[in-house]
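The sequence and structure are shown first.

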Amino acid sequence: MTRRKPIATGSDWNFEILEAYEHELARLADEYRLDTYPNQIEIITTEQMMDAYASVGMPVGYHHWSFGKQFLAVEQAYRRGQMGLAYELVINSDPCIAYLMEENTLMMQVLVMAHACYGHNSFFKGNYLFRTWTDASSIVDYLVFARKYVAECEERHGVTAVEQLLDACHALQNYGVDRYKRPSPISAEEEVRRQAEREEYLQAQVNTLWRTIPGRQRADALPSDLDSEEDPLGLHGGGRYPPEPQENLLYFLEKNAPLLAPWQREIVRIVRKLAQYFYPQRQTQVMNEGWASFWHYTLMNRLYDEGLVDEGLMLEFLQSHTAVVSQPGFDSPFYSGINPYALGFAMFSDIRRMCENPTDEDREWFPDTAGSDWLEAVHFAMRNFKDESFIQQFLSPKVMRDLKLFSIVDDDQEEMLEVTAIHDERGYRRIREALAQQYALSLREPNIQVYEANIRGNRSLTLHHVQDSRRPMGRSVYPVIRHLHQLWGFPVRLESLSEDGAVVRRYQWPLPDEEGKE
Amino acid sequence: MTYFIDRRANAKNKSAVNRQRFLDRYRTHIKRSVEEAVNRRSITDMERGEKVSIPTRDISEPVFQHGPGGKRTIVSPGNKEFVEGDRLRRPSGGGGGDGSGEGGASNQGEGMDEFAFSLTREEFLDFVFDGLELPHLERKALKDLDEVKPVRAGVTRDGVPARINIVRSMREAYARRIAMRAPLRRALRAAQEALDEEERKDPVLRNPSRIAELKAEIERLEKRLEAVPFIDTYDLRYNNLINQPQPSSKAVMFCVMDVSGSMTQAHKDIAKRFFLLLYLFLERNYEKVELVFVRHHTAAKEVDEEEFFYSRETGGTIVSSALTLVDEIITRRYPPTQWNLYVAQASDGDNWDDDSVNCRERLMKSLMPRLQYYTYVEITPHAHQALWEEYETVAAEFPDRFAMRQIVEAGDIYPVFRELFKRRAAH
């Protein structure tokens with residue numbers, strides 16, 4: 001047993017103590033091969049934390065009423081004691097910015113440093129989605145650019161005009177993501193330079209697109225015999241436009257909406273870029289929180305083993321940790337869905353267990369993992385998956401038993417709900433399958449794509465919604481297509497298709513004069 | 001590589017802009033809440049913020065979502081009793097579905113139908129005045145010069161003997177004496193030394209005429225030194241007192257309202273807003289403001305605020321009854337030497353036929369000489385009647401202290417208020 005020689009005792013902290021702990025954490029993290037961006041740890045007040053919270057953790061953001069709404073909501077909940085403020089907030093940037101709240105106890109600060117500065121940070125740097133989709137070194141620059149650009153637009157075009165545009169973009173931001181192309185990282189100055197170029201170029205493109213439309217003839221219209229250089233999109237050779245359905249609605253609008261002014265296109269682009277930046281986070285909630293929780297747990301225990309924290313701190317830590325990773329059952333009054341911290345922590349801990357103490361079951365289910373080097377195994381899992389595939393790959397019967405998972409099918413054509421699988425031999429695979437599906441972003445959100453822009457006729461835009469398991473669109477569909485209509489400028493139609501391709505429901509905006517919504 | 005940065009000191013109130021944007025956007029909702037609060041609260045209770053609720057559907061940010069229906073599979077934790085193939089009744093709340101996705105969801109079952117938040121006091125007052133198109137209530141000095149208080153303001157060279165500042169005067173005298181005597185003393189010392197030198201000489205060598213000369217000089221100088229006055233009128237300094245107009249620290253506001261049948265609740269609300277503005281205004285000028293509520297129909301009665309604005313008693317109208325009562329209350333409780341007296345009267349202008357003349361009499365003879373200011377607002381879209389005409393003659397008699405305007409709707413309150421209280425040329 002090591003002699004207890006804690007760096008500090010009690011719950012008060014100061015910068016020297018934090019630095020000393022941080023130093024130890026860094027040493028241990030290095031032992032565990034946690035590769036991180038440099039850490040920038042900022043101590044902030046409660047109000048600043050609420051503020052950071054309200055702006056989805058962005059250190060700088062453009063102004064918008066919805067952030068104000070968030071702030072008021074957070075403030076209210078906090079004041080009423082309904083919500084413990086997050087004691088940490090961490091930003092995927094290089095250096096990785098982590099916020100610590102001044103009110104935290106020493107234990108909390110150490111926990112947060114372990115959780116955020118080594119857990120989340122190494123996840124941001126290591127996970128393939130983040131590596132592919134985000135550029136940690138330029139995000140803060142980009143945010144600065146975005147904020148400045150939006151502010152300039154507000155000055156030139158009025159706050160209301162910008163606000164309405166942002167409202168419309170926000171409504172579609174989940175559909176502003178490119179799943180196949182990787183954006184190239186560029187700096188802020190470069191962004192500003194390119195922005196000007198883009199403006200000119202885009203406007204020229206759009207003009208070409210709409211130039212031949214009757215009623216919008218312009219004096220500088222091209223002769224009708226367009227060659228392929230003038231018609232790069234092949235718009236005039238007949239056929240549908242776009243030739244392939246487009247799932248990135250914001251991108252499509254940015255490039256093709258006929259009436260948007262250049263600055264409006266740029267703002268659409270800004271919202272799209274930010275949506276893209278947050279896209280990996282939306283797909284790795286379980287993994288990210290699980291990974292961070294796994295590491296704060298491991299690192300704190302190491303600090304204790306080495307005698308660097310005292311029993312008091314450790315007890316406080318265990319209480320807090322237990323609260324974070326607890327999973328109330330579905331029938332508990334505290335139940336609010338599956339807790340990503342609990343599930344992720346259970347899974348990463350389970351991978352370590354499988355490596356260190358494999359059972360026959362593990363050897364059967366996870367022949368590659370069972371008995372292997374645990375550190376290698378968890379790093380492999382962290383790097384190469386997203387929630388959906390992580391669960392598909394690593395959710396073990398043991399974890400399903402521990403959490404007592406079961407699946408229910410709710411079919412509106414049946415009178416009763418049916419329990420289709422529980423945590424038993426017959427159910428493991430089905431539960432795992434179903435849970436993975438539950439985290440598939442493509443199934444969580446309606447599948448909507450741009451089907452056709454009628455560029456030769458009434459310029460209307462048609463979207464297709466392909467139903468999954470007959471699930472219809474929610475009530476918010478009208479407000480959203482109204483926003484879409486604002487951006488597009490001409491009638492917008494949304495057709496819901498059943499899985500066999502038949503149109504089951506149509507929505508449109510503006511509403512037809514007579515028949516009402518149907 | 002890790003850096004610690006202490007950000008606590010900077011970037012306070014960073015979200016103020018976003019917060020303001022939100023409040024602006026929901027101005028109409030918030031205004032409604034604030035208006036209700038104003039009507040609910042007492043006039044003196046404007047020092048708090050206010051809780052405001054907005055229906056969630058009005059502030060939702062729509063995104064494409066699945067609606068209820070179709071077929072879905074839900075995985076949940078905590079199974080205790082189910083086995084595969086169990087069939088259950090659908091709970092009335094509808095399918096559980098996945099969580100909200102954003103942190104901090106409310107986990108108690110009750111749905112949040114209202115988005116509730118608090119306005120700060122400043123935001124609240126902004127909205128109170130916003131309803132009246134009041135950008136900022138200016139701190140205006142409504143001059144009541146009746147009372148002045150002498151204040152020391154340095155020293156001067158002239159004044160009455162009673163105000164002589166002895167210390168300063170003596171210091172001046174001392175300085176003057178030093179200044180005037182120094183050259184004489186120097187000359188005296190020189191003469192004395194010369195004399196001493198002369199007298200130390202051998203008697204044979206002494207120059208008697210020189211000695212006599214020096215002696216005379218010394219005598220002359222001593223006389224002159226003697227002649228420097230100990231104190232001169234030139235040295236005198238007087239304490240300077242100036243008369244500073246002093247707003248006396250107490251004021252009383254009489255709210256007089258007609259509650260005859262023709263005054264609807266809307267009329268009373270307008271009156272309340274008017275009284276509220278007047279109160280906030282007086283509050284900024286006086287340390288202590290008291291309120292007296294007088295309501296009248298055919299008879300007048302002093303009541304509390306609650307009864308003043310909300311009771312439903314009605315009857316005919318005799319305005320002079322209220323004025324008489326105010327007059328009595330002043331005599332009994334608020335001696336004009338100690339109180340600044342304000343009367344604000346709100347009425348729809350309807351009065352008993354012969355009574356308006358009594359009102360004028362009462363105002364001219366007894367009330368106006370004692371009041372700081374009298375405002376009359378007539379809340380009516382209709383033509384004026386006898387009372388207005390009689391009051392016009394009062395206004396002509398006391399142009400500085402009597403003001404009257406007509407208010408048709410809530411939007412008129414603030415402009416009328418400005419008009420009534422605009423800075424007047426000093427008299």
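## Helix packing in chain A

In chain A, the axes of helix α6 (residues 139-157) and helix α10 (residues 262-283) come within 11 Å and cross at roughly 150 degrees, where axes are lines fitted to C-alpha atoms, for helices over the stretch in contact, and angles run from 0 to 180 degrees between N-to-C directions. Helices (H or I, at least four residues) and strands (E, at least two) are DSSP runs numbered from the N terminus. The pair α6(A) and α10(A) is therefore roughly antiparallel, on a scale in which angles under 35 degrees count as roughly parallel, over 145 as roughly antiparallel, 65 to 115 as roughly perpendicular and the rest as oblique. The crossing of α6(A) and α10(A) is left-handed; a crossing is left-handed if the near helix is turned anticlockwise from the far one by less than a right angle, and right-handed if clockwise. Residues of α6(A) including A:Y142, A:F145, A:Y149 and A:C153 meet residues of α10(A) including A:W263, A:I267, A:I270 and A:Y277, contact meaning heavy atoms within 4.5 Å.

Helix α11 (residues 285-305) of chain A packs against α4(A) at an angle of about 135 degrees, with the axes 8 Å apart, and that makes α4(A) oblique to α11(A). This crossing of α4(A) and α11(A) is right-handed, and among the residues that make the contact are A:L111, A:Y118, A:G119 and A:F123 of α4(A) and A:W291, A:W295, A:L299 and A:L303 of α11(A). Helix α1 (residues 15-31) of chain A also packs with α11(A), at an angle of about 115 degrees and with axes 10 Å apart, and the two are therefore roughly perpendicular. The crossing of α1(A) and α11(A) is right-handed; the contact is made by A:Y21, A:E24, A:L25, A:L28, A:A29 and A:E31 of α1(A) together with A:L299, A:R302 and A:L303 of α11(A).

## Basis of the model

This is a predicted model, in which local features need pLDDT of at least 70 and side-chain atom pairs count only at pLDDT 80 or more, while totals for chains, interfaces and linings use all residues. Residues are numbered from 1 along each chain as its sequence is written, chains are lettered from A and ligands numbered from 1 in the order in which they are written, and side-chain values use heavy atoms, with hydrogens and water left out.

## Nonpolar cores

A nonpolar core is a set of buried Ala, Val, Leu, Ile, Met, Phe, Trp, Tyr and Cys residues joined through side-chain atoms within 4.5 Å; buried means under 20% relative accessible area, exposed over 50% and partly exposed in between (1.4 Å probe, protein chains only). Of the 81 residues in the largest such core, A:W295, A:L343 and A:I351 touch the most other members. Helix α4 (residues 106-126) of chain A gives the most to this core, with 13 residues. Leaving aside neighbours within four places in sequence, A:W295 is in contact with A:Y32, A:L34, A:G119, A:W374, A:L375 and A:V378. Apart from this core lies another, of 61 residues, among them A:Y99, A:V268, A:I448 and B:F64.

Chain B has 12 helices and 13 strands, and 40% of its 427 residues count as buried. Among the contacts in chain B with a separation of 6 or more, 81% are between residues 24 or more positions apart.

In chain A, A:H483 lies in helix α20 (residues 477-488) and is buried, with a relative accessible area of 15%. Not counting residues up to four places away in sequence, A:H483 touches A:D167, A:A168, A:A171 and B:P62.

## Cysteines

With a disulfide taken as a pair of cysteine sulfur atoms within 2.5 Å, the count over all chains is 0. The sulfur of A:C117 is 6.7 Å from the closest cysteine sulfur, in A:C96, too far for a bond, and A:C117 is buried at 0% relative accessibility. B:C359 is in no disulfide either, the nearest cysteine sulfur, that of B:C255, being 18 Å away; B:C359 is likewise buried at 0% relative accessibility.

## Backbone geometry

Most residues other than glycine have a negative phi, and most peptide bonds are trans. A cis peptide bond, with omega about 0 degrees, joins A:D94 and A:P95, and A:P95 is in the loop between β2 (88-91) and β3 (96-101) of chain A.

Phi is positive, near 60 degrees, at A:R33, a residue in the loop between α1 and β1 (39-44) of chain A that is partly exposed, with a relative accessible area of 44%. Phi of A:K404 is near 55 degrees, also a positive value; A:K404 is found in the loop between α17 (397-403) and β4 (406-411) of chain A and counts as partly exposed at 36% relative accessibility.
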